[in-house]
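Please open the model in your viewer and keep the sequence beside it, so that each selection can be followed from one to the other.

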Amino acid sequence: MRVFSAMMMPLLLTVSAAAQEVEVTDNPIADIVDETETEIGGGVASYYGNELAGNRTASGERFDPGQFTAAHRSLPFGSMVRVTNTSNGDSVVVRINDRGPFSRGRVIDVSHAAAREIGMQRSGTARVKLALLNDD
């Protein structure tokens, strides 16, 4: 088993490095925003899933877990925020359309689609950095 592991490790590392070079962006919001950002801190993010689909958000629109949206306590509705998972470097741009999170110690709640994009859907939470995208 050790011999097999020793033979496969270089192959796995090569595959991992190649996978990191490819940047896949299927976030339609990321294509329309300006790249000027202002870091606004970070902390622990969580996500809310399909059980809240169709409920009204604080902004009045219906929650769609398939959209790249998020809840933040104080940012204005419509703000565009880049959420970066610090453990893997993956990031996603979300639009603020709700208030929250209401769990102690959390800084942002992202939709299920956004959570999937930054690799936090299995754990349910992730340490993140937040950057407000300026609309210059």
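This is a predicted model: local features need pLDDT of at least 70, side-chain atom pairs count only at pLDDT 80 or more; totals for chains, interfaces and linings use all residues.

Residues are numbered from 1 along each chain as its sequence is written, and side-chain values use heavy atoms, with hydrogens and water left out.

Begin with the strands (DSSP runs of E, at least two residues, numbered from the N terminus). Six of them close into a barrel in the order β1-β5-β2-β4-β3-β6, with mixed pairing, where two strands count as paired if DSSP finds at least two bridges between them. Strands of a sheet pair through backbone hydrogen bonds, either parallel or antiparallel.

Next, select residues 91-98, which make up strand β4. Six of its eight residues are buried, so β4 is largely enclosed by the rest of the structure; buried means under 20% relative accessible area, with a 1.4 Å probe and protein chains only.

On to β3, residues 80-85, which is antiparallel to β4 and linked to it by five bridges; look for Met-80, whose bridge partner in β4 is Arg-95. The two strands form a hairpin with five residues between them, and Gly-89 in the turn has a positive phi of about 80°.

Finally, select β6, residues 125-133, which pairs with β3 in the antiparallel sense over five bridges, and find Lys-129, the bridge partner of Thr-84.

Notes. Helices (H or I, at least four residues) and strands (E, at least two) are DSSP runs, numbered from the N terminus. Buried means under 20% relative accessible area, exposed over 50%, partly exposed in between (1.4 Å probe, protein chains only).
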